[in-house]
Amino acid sequence: MADLRHAYEVRGRRTGPASTTYAHNLPAELTSFVGRQAELRSVAVALTGARCLTLTGPGGCGKTRLAKRTAERQVDFWRDGVWWIDLSRETDPAIVARHIASGLGVLPAPGTDATPALARQLHDRHLLLVLDNCEHLLPAVAEVVSELLRRCPHLTVLATGREPLGVLGEVVWRVPPMDAGDAVTLFAERCARGAATPAAASAVDQICARLDGIPLAIELASAWTGTLSPYEIVTELDDRFGLLIAGPRAAPPRQRTLEASMAWSHDLLEADERLLFRRLGVFQAGFTLAAAQNVCGFDGIAVLPALRRLVDKSLLVALVAETGEGVTRYRMLETVRHYALGRLTSSGELSAVQDRHLTTYLAIAEGAAPLLDTDKDAWRALIHAEYPNLRTALEWGLSLDDPHKGRRLAAALAWLWHLEGRRHEGLSLLRLAADRGSGLDEHSALQARVLTGLALVADTTHPFGDDFDAANAARDMARACGDPRTARLAGVLGAIGLFGHDLDGMRAQALDIRAEASAAGDAFAADAAGAVAGLVAHSLDEHQEAITLLETAVTGLVRRGDRGIAAMALGLMALSNAHLGRLRQAGDLAAQAVDVAHPLADYHRVGTARSVLAFVRGLQGRPAEAREALDPIVRLVDRAPAQPFIPRLALAIGQIHLGDGRPDLAIESYRREASWSGGDASDEDLALETRIALVAALRAAGDLAAAERSCSGALELARTQGMPRLIAAALEQQAFLADPDRAVLLHHEALALRAEHGLRLACLDSLDALVSLAAQRGSPLQAARLLGACDRARDDLGCPRPDHTLHTEPALGAPEYDDALAEGRLMDLDEAIAYARRARTTRRRPASGWASLTPAEREVVQLAVDGLTNPEIGKRLFMSRSTVKTHLAHVYAKLGVANRTELATSVASTVPD
C-alpha cells in the first residue's frame, strides 16, 4: 500500500514560494494585541531551530495570545498551512488525536490507531501545528506530539501549557511578565476610563507592578476602572494581596499573584455576581444565556444582569455567532473557569448545579430530536456545538444512583456517534447505559431506545458483533411498550443484520417496515427501509429494481440531511449503474456520494464513498483520478495495524495495484480488509467480492494452488447466497485456472448469467476471455469478430480494456482477419453476446447429419432456406460473404446435399436435433 500512497498527487499541495494564498484556521482576535515585540522576535528565532517549541507559564501569563500572534506571522512560510487546535474544549485524553485530526481537516481514525493514523496522513505535509491549552491533557498530548515528530519530518509543533510536554527534542520557552511599558499600555487599552492625571498614571504603574506584569491579572484589574479609580484599585490590591499571598504556599509566586488577583476580583463582585460566577464553572467550552438561566438561575438570582456585569469585568467572554440565529455564547478562560469550579466545589453546591446542568442539556438534546426528521445537518450542528457539555452531563447522569436521565441522554446522542466518528466512545457509553438499565427497567421503552442506539452505532463500527443483535431485542421491547417509531428503526437495523445470511428475509422485513412507516408518516424509516431493500436488490443483481428503490429513498434522505444513509444509497446506485454499463451515470452518482458524505468528516462514510468513486474511475480508465479519490483514505490506513471498517476500500486499492502490475500489493490489501474485526482474520472472513478479487490477485502472482482453494470456497458461498454477479465472477476465475476445454464451458456459464441479469460491463470481461480462448484454440476469425465487438462495446460504454485482462489476441493483419475485426465492430453488445453463444463449439458432434452442424451453421441454413442471399446472410450474422459460402459448403458436405434446393427439401423433411 505504501507504493500506492507514494504515487498519489496530494490535492491542494503548494508547489513553491510563488503561491500567495496560504491555508490556516487561526481564530480572530477579540481584543487588540499589545506589546510583546521582543518576545515575538525571540519566539520566532527559537521556532526556526526547533521541531517542538512549548510556551510555558502560569495561567493568564499570555501564552495563547503570544502563540497566536506568532502563528499569524508564520503563515507565509508553511506550504501546507498553519493550523490552530484549541484543546481547552476537550476533556477526554483518548480523543486528543481525533480532535487534532478534525481541526486539520483530515479523517480521524477509530480506537487505538488514532495517533498513528494522524501521523500517516501528515507524513509529507509542511505545516505548523499549534496546540493551545495542553496542561490538562499533558500525557495524551505528549504521546501524540512524539508520534507526529517521529513520523512527520516536515511538521513543527508550537504548544502552550503551564508545564512542558516532556517530549524528545522539545525547546521550552518560558513566557516572561510583560515589561512595564507594555503592561501600562495593556491596562490603558482595557480600562473603562483613562488615567487623566499624573497621580492616576502613577497608580496605574503601581497596579501593573503589583500584578507582576501578568496580562490576565492586569485585564481583570482594568475592568474595575468603571467602578474604582486607579488609586482605589492600588489600595485594594495592597490590602488583599497582603492577606491572600502571605505565608508558605506551594504555588510559584506568579501563580499566587494570579490567584490573588482573581480572588480580589471575585471578592469585589456583588453577591448575585459571585453566585453566578461560581455556578458557571460547571459549563464546558461555553454556554448560551438560556443554558445559564436554566442551570444557574435559582435562589432568586437574576442571570442576565449579572452575566452582563461579569462580561464587563472580564471574567466572561461573549462571542456572537456569525451564522444561524446569531445566538451569543459566553465562555470563561480556562484559568478563570478552574477558579470558578473550585469556588463551586467549596460552596457545597456542586452536585445541585451538576443536576441542573444534566437536566438542562437533556432538555436540549431531546428538544432537538424533531430536527432528526427534518434537517439532520441542523441537528448535528446544534448537538456538535454543545457536545462538551452534553458529554459532561452524560457522564454525571450515568454515575448517579438513579441513572434514568443519563440513559435518556445517551439514547438521544446515538445519531451523533453514528455519524461523526466518535463511535467507540459512543459504544462504550451506550453499553454502560444499557447495563445500568438492565437491572432497573430491562423491558422499558427507554431500554429499547438505548439498545436501538447501541445497534445504530454498531452498524458503522462493528456490524457483525453482539452489539448489533441488540436491534432485535429492542424491536420486540419497543413494540411491547407501545413505541412503534423506535420499533421501526430497530427493525431496519435488524434487517441489516441479516445481510449475508438471509437476503430474502432481509428484503421482506425491509419492505414490511417501509410500508408500515409510510402509513404512519415516518418518512425517515420509510426511506431507510427502502434503502435497505435497495441494498438487497443490488446484491441479487436486480439492478434496475435497486436503482428505483434507492432513487426514491435518496430524494428524502438528502432533503432531510440524512447524509450517512444517503451517501450509502448513492454509492449503491453508482455501482448498480456501473454493472449495467452506465458508467457516466455511475461516475456522477459516485461523485455525489462523496459530496454528500464529506461534511460528516467520518472515515466510514467518507471512506466508503471515496472507495466507490475510485472503483468507478478505475472502470472508466482514469487511474489518476482513482488515486486522487483514495488519497485521504490511504493516508488514514497506510501501515495501520488494522484497517478500519470501510466497505469496498480493499477492492478499490487492490484494483489499482492490479492495474499497476503489482498483484503482491493487491493480495496484501485484500487480506487486510477483515483486520478491523481484530483477532486472526482469514481469507474466509473477507467480504465475498473481496475473496473473488483475491483469487485473481493470487493467480496473477502465480500462486495457483492458493487461488484454486480460495476460488472453490468463494464459488460455493456465492451459490449459497444466490448472488449471480459473484457466481459469475467466481466461475470466471475458475475458468482462468482450468484447461481450455473446461474454460470455455465456465466462461460461457458466466456469460449466460451476466447476460441474463443485464451485467453488461461484466459481459465484456467474458467476451475478452473468449477472444483469448478462440485464438488459442485455432479460431482466429471468431476471435477477431469478438475482439472487434468488444472494442466497440468498450467505446460505447466508456470502459477501456485494462491492460492485464486480455493476454492473447488473434493474429491480425491478413485481409480475412481484418474483415472479421470490422464485422465485429458492426455488432452492438447484445449482438456480440449472441454471436459468442452461437460460436460455441465445445460440444462433440458426429461427422455428418443434422447433429454435426454447429450453431452458426444452423443459423446459416435457416436463413438460406428463408431465401436470403449469401451477402444478406452475412449482413444479418455479421459474417463476410466468403464465410457464409464456407459455412454452406460445410453444411452440404455434412448433410449430403448439392445445392440450396436439396437443402430446403432436407430441412422440410427433417426435424433438427
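This is a predicted model: local features need pLDDT of at least 70, side-chain atom pairs count only at pLDDT 80 or more; totals for chains, interfaces and linings use all residues.
Let me start at one helix contact, where A117, R120 and Q121 in α5 meet P632, R635, L636 and V637 in α32, contact meaning heavy atoms within 4.5 Å. Helices here (H or I, at least four residues) and strands (E, at least two) are DSSP runs, numbered from the N terminus. Residues are numbered from 1 along each chain as its sequence is written, and side-chain values use heavy atoms, with hydrogens and water left out.

Staying with that pair, helix α5 (residues 114-122) and helix α32 (residues 623-637) pack at an angle of about 135°, their axes being 6 Å apart; the axes are lines fitted to C-alpha atoms, for helices over the stretch in contact, and angles run from 0 to 180 degrees between N-to-C directions. The two helices are therefore oblique to each other, given that angles under 35 degrees count as roughly parallel, over 145 as roughly antiparallel, 65 to 115 as roughly perpendicular and the rest as oblique.

Turning to the chain overall, there are 46 helices and eight strands, and of the 913 residues 57% count as buried, where buried means under 20% relative accessible area, exposed over 50%, and partly exposed in between, with a 1.4 Å probe and protein chains only. Among contacts in the protein chain with a separation of 6 or more, 69% join residues 24 or more positions apart.

Which residues touch the most other members of the largest nonpolar core? They are L280 and F287, in a core of 209 residues, a nonpolar core being a set of buried Ala, Val, Leu, Ile, Met, Phe, Trp, Tyr and Cys residues joined through side-chain atoms within 4.5 Å. Helix α29 (residues 563-579) gives the most to this core, with 10 residues. Apart from it lies another core, of 33 residues, including I85 and V144. Leaving aside neighbours within four places in sequence, F287 is in contact with L280, A292, L307, L316, T328, R329, Y330 and Y361.

The 17 residues of α39 (residues 760-776) should span 24 Å at 1.5 Å a residue, and the end C-alpha atoms are 25 Å apart, which agrees; the expected span is 1.5 Å times one less than the number of residues. Of those 17 residues, 13 are buried, and α39 is followed by G778, with a positive phi near 85°. Helix α40 (residues 780-797) reaches 25 Å from its first C-alpha to its last, close to the 26 Å expected, and 13 of its 18 residues are buried, so α40 is largely enclosed by the rest of the structure. Just after α40, G798 takes a positive phi of about 70°.

Finally, some loop residues. Most residues other than glycine have a negative phi. A285, in the loop between α12 (271-279) and β6 (287-288), has a positive phi near 60° and counts as buried at 8% relative accessibility. A601, in the loop between α30 (583-597) and α31 (603-619), has a positive phi of about 50°, but at 37% relative accessibility A601 counts as partly exposed.
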